[in-house]
Amino acid sequence: MTAAHDPGPDEGRGVAARLVYDPRVATVSEEEFNELVAIMRDGPAAKPLTPEAQWRRDYHKAMFNRRLVGVQPDLFGGKPVTHMHKAAPGPVIDWKPEPVEEKLARIARDRNATFGIGRPGLSEDEKAALIRSAANWLRVGQRVRIAGSSASYDGRFERRVGRRGVVWRLCSPVFADHLYVYLDPIGAERVEKTPMVELRDVEPIDDALLVPVPFPA
């Protein structure tokens with residue numbers, strides 16, 4: 001391979017535009033050379049989306065469009081302003097921080113509890129039983145409600161209780177008792193929230209899906 005002209009500092013597309021195939025010095029076939037040049041020019045071909053990935057993209061787009069009011073251009077060249085419908089408020093949670101006296105008493109009973117309040121984890125047998133019991137509904141696209149949570153210092157986990165969403169992604173076998181849930185937006189939320197939650201904290205519901213699932217359940 002030789003360059004018809006000195007590419008200088010150019011890279012990527014600039015170099016690809018100057019490369020020509022020279023059989024006298026080439027170490028690859030012309031077909032492979034053209035393929036490599038195409039990669040330099042256009043980048044590697046993107047892998048086609050899986051049905052689940054395509055559904056996630058369509059679902060997020062539909063959720064955004066459902067709340068979109070319109071886009072207002074800025075008259076002075078600034079960023080346009082996107083106006084969104086306000087979603088229904090979330091569930092009311094009566095979470096309160098742990099009283100200092102109770103915290104100190106708990107730490108006195110268990111020195112290892114200093115850095116977390118948590119809750120007992122499930123044994124391997126309990127995890128297996130939980131996964132078996134959810135086999136008839138646990139799939140991407142299933143509508144769910146968060147019915148429980150582990151304890152947290154700031155109430156972030158507890159505030160999810162009562163919220164609804166859709167099973168967004170299943171976890172690897174290592175975390176088979178967890179899943180990702182795409183939460184329905186509440187209030188003025190604009191950024192999507194897909195927390196990883198424990199399987200024991202969700203329950204299936206029969207709400208209609210915003211975008212039907214095109215792949216086998």
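Of the 217 residues of the protein, 27% count as buried, where buried means under 20% relative accessible area, exposed over 50%, and partly exposed in between (1.4 Å probe, protein chains only). The model is predicted: local features need pLDDT of at least 70, side-chain atom pairs count only at pLDDT 80 or more, and totals for chains, interfaces and linings use all residues. Residues are numbered from 1 along each chain as its sequence is written, and side-chain values use heavy atoms, with hydrogens and water left out.

The protein has five helices and nine strands. Helices (H or I, at least four residues) and strands (E, at least two) are DSSP runs, numbered from the N terminus. In that direction the elements run β-α-β-α-α-β-β-α-α-β-β-β-β-β. The accessible surface comes to about 15,000 Å². Carbon and sulfur atoms hold 56% of this surface. Areas come from the Shrake-Rupley method with a 1.4 Å probe; for residues, only the protein chains shown count as cover. Contact means heavy atoms within 4.5 Å. Among contacts between residues at least 6 apart in sequence, 53% join residues at least 24 apart.

Strand pairing was examined next. Two strands pair if DSSP finds at least two bridges between them. β5 (143–146) and β6 (164–170) run antiparallel and are joined by three bridges. Here Arg145 stands opposite Arg164 in β6. β6 also pairs with β7, in the antiparallel sense, over five bridges. Val166 stands opposite Tyr182 in β7. On β5 there is a further antiparallel pairing, with β9 (residues 202–204), over three bridges. Val144 faces Pro204 of β9 as its opposite residue.

The interior was then considered. A nonpolar core is a set of buried Ala, Val, Leu, Ile, Met, Phe, Trp, Tyr and Cys residues joined through side-chain atoms within 4.5 Å. The largest such core has 13 residues. Trp137, Leu179, Val181, Leu199 and Val202 touch the most other members. β5 and β7 (178–183) each supply at least two residues of this core. β7 gives the most, with three. A second, separate core of nine residues includes Tyr59, Met63, Trp168 and Tyr182. In soluble globular proteins, nonpolar side chains tend to be buried together.

Leaving aside neighbours within four places in sequence, Val202 is in contact with Trp137, Val144, Arg145, Ile146, Ala147, Leu179, Val181 and Val197.

Val92 is placed in the loop between β4 (81–84) and α4 (100–109). Val92 counts as exposed because its relative accessibility is 82%. Val174 is in the loop between β6 and β7. At 65% relative accessibility, Val174 also counts as exposed. Val174, Phe175 and Met196 make a nonpolar surface patch of about 290 Å². Like charges are joined within 9 Å, and nonpolar side chains (Val, Leu, Ile, Met, Phe, Trp, Tyr) within 5 Å.

How values were computed
Patch = residues over 30% accessible without salt bridge, like charges linked within 9 Å, V, L, I, M, F, W, Y side chains within 5 Å. Salt bridge = Lys/Arg side-chain N within 4 Å of Asp/Glu carboxyl O.
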